[in-house]
Amino acid sequence: MKNFTNYVDYDKKENLKMGSKLVHGALGTEPLTGSVSFPIFQTATFRFRGLEDSLGYDYTRCQNPTIEELERTMAILEEGTEGFALSSGMAAVMCALSILKPGDHLILSDDIYGGTYEIALTTLAENKIETTFVDLSDLEELKENIKSNTKMIFIETPTNPMMKVADIAEICKIAKEKDIVVAVDNTLLTPYYQKPLTLGADIVVHSGTKYLEGHNDTIAGMVVVKDKEMGQAMRNFLKYQGACLAPLNAWLTLRGIKTLEIRMQRHNENTRKVANWLRAHPKVKKVYYVGFEDHPNYEVTKKQTTGFGGMLSFEVDSEETAKKVIDKVDMIIFAGSLGGVESLITYPMIVTHHEVPVEVREKLGINERFLRLSVGIEDADDIIADLEQALQ
Ligand SMILES: Cc1ncc(COP(=O)(O)O)c(C=O)c1O
């Protein structure tokens, strides 16, 4: 049997710097024909040569060369052993959570992505999996909430939209003493700025829809693990739930990853400029941005990441101003999602957190004056000019 794995010479790529790894992926060039753009193997099934004689592929839900190229690329980038490409970020979150059994207890960031929050309250609750939402930037609060049946801590850092930062290495130390699995949703910073597996985490989850693919034109999810046994559980979820990524979407994600370095650098730079500008605006009461030196978790950010990313949130002086900004932005697009080349603004109270109970939402600070901005890679001056006219 000779499949594409036989051609991989990972060792050669190990010494490459991150920007080159992003461009060249796992195999990079397709080895049979030399196609520089890894082809889209747009097939549902593969021809067997004879009984017990295949080329290593039989059915796209189980294996497909384009999907494998993405999975291996992500394993390399996150420094894990195996990657898994799923049909969406939500499927990736479900895949990571699939190792929990009835009676287990799960701790999640209190300011977690709304969809993950919903999974906890619906699917997990129905399956008798207990959940507790904890401010994971507070290690004492975490310790107080660990129970004898706690099996997993699911971290999102920075959180979205409140931009709280959890200390991944310290949480992993606490978790390891008690045999608790740590999963990190790394959507916001990507392996370009943060590598949770190298800090002790067991599972990394992504909405590939965001920065990885980066162009607001597909839905995708990724999981990467360190441990082979856990990898088998993830593969089983993927195969038996049928949550595989389509080959075209795998290819789009691979293509997006090639430019991740320059996009992340530009997101980072633009966001710093926009955050500083917003902070000085008289109608802006507070800016939530992990790159501010006076951010409460700035030291943790500096320790575990190499950049601040492209997200910020801000609170304006009134509900009227917030609604006016949403109405008046022109180049900046009022839309859900984040992480693409276009700047997107959203009103979390109504768009992303409408299902979250009012008291929880308000405790977090998501009120009627609160806006979230995914800063794109346009010219920063144009983003600022658009905000300026919208805030007038
Ligand atoms: C941090 C985070 N995780 C997971 C998801 C879910 O991803 P998807 O929309 O690709 O299913 C999102 C979506 O917004 C997200 O922001």
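Let me start with how α4 passes α5: the crossing is right-handed, a term used when the near helix is turned clockwise from the far one by less than a right angle, and helices here are DSSP runs of H or I with at least four residues, numbered from the N terminus. This is a predicted model, in which local features need pLDDT of at least 70 and side-chain atom pairs count only at pLDDT 80 or more, while totals for chains, interfaces and linings use all residues. Residues are numbered from 1 along each chain as its sequence is written, and side-chain values use heavy atoms, with hydrogens and water left out.

Helix α4, residues 89-97, packs against helix α5, residues 114-126, at an angle of about 50°, with the axes 11 Å apart; axes are lines fitted to C-alpha atoms over the stretch in contact, and angles run from 0 to 180 degrees between N-to-C directions. That makes α4 oblique to α5, oblique being what remains once angles under 35 degrees (roughly parallel), over 145 (roughly antiparallel) and 65 to 115 (roughly perpendicular) are set aside. On the α4 side the contact, meaning heavy atoms within 4.5 Å, is made by Met90, Val93, Met94 and Leu97, and on the α5 side by Gly115, Thr116, Ile119, Thr123 and Leu124.

Turning to the ligand, Gly89 and Met90 are among the residues that come nearest, out of 13 around it, where near means a heavy atom within 4 Å. A backbone N or O atom of glycine 89 lies 2.9 Å from a ligand oxygen atom, whereas a polar side-chain atom of aspartate 185 lies 2.7 Å from a ligand nitrogen atom.

Terms used. A polar contact is a pair of N or O atoms within 3.5 Å; within protein, one must be able to donate a hydrogen and the other to accept it, and residues adjacent in sequence count only if both atoms are side-chain atoms. Helices (H or I, at least four residues) and strands (E, at least two) are DSSP runs, numbered from the N terminus.
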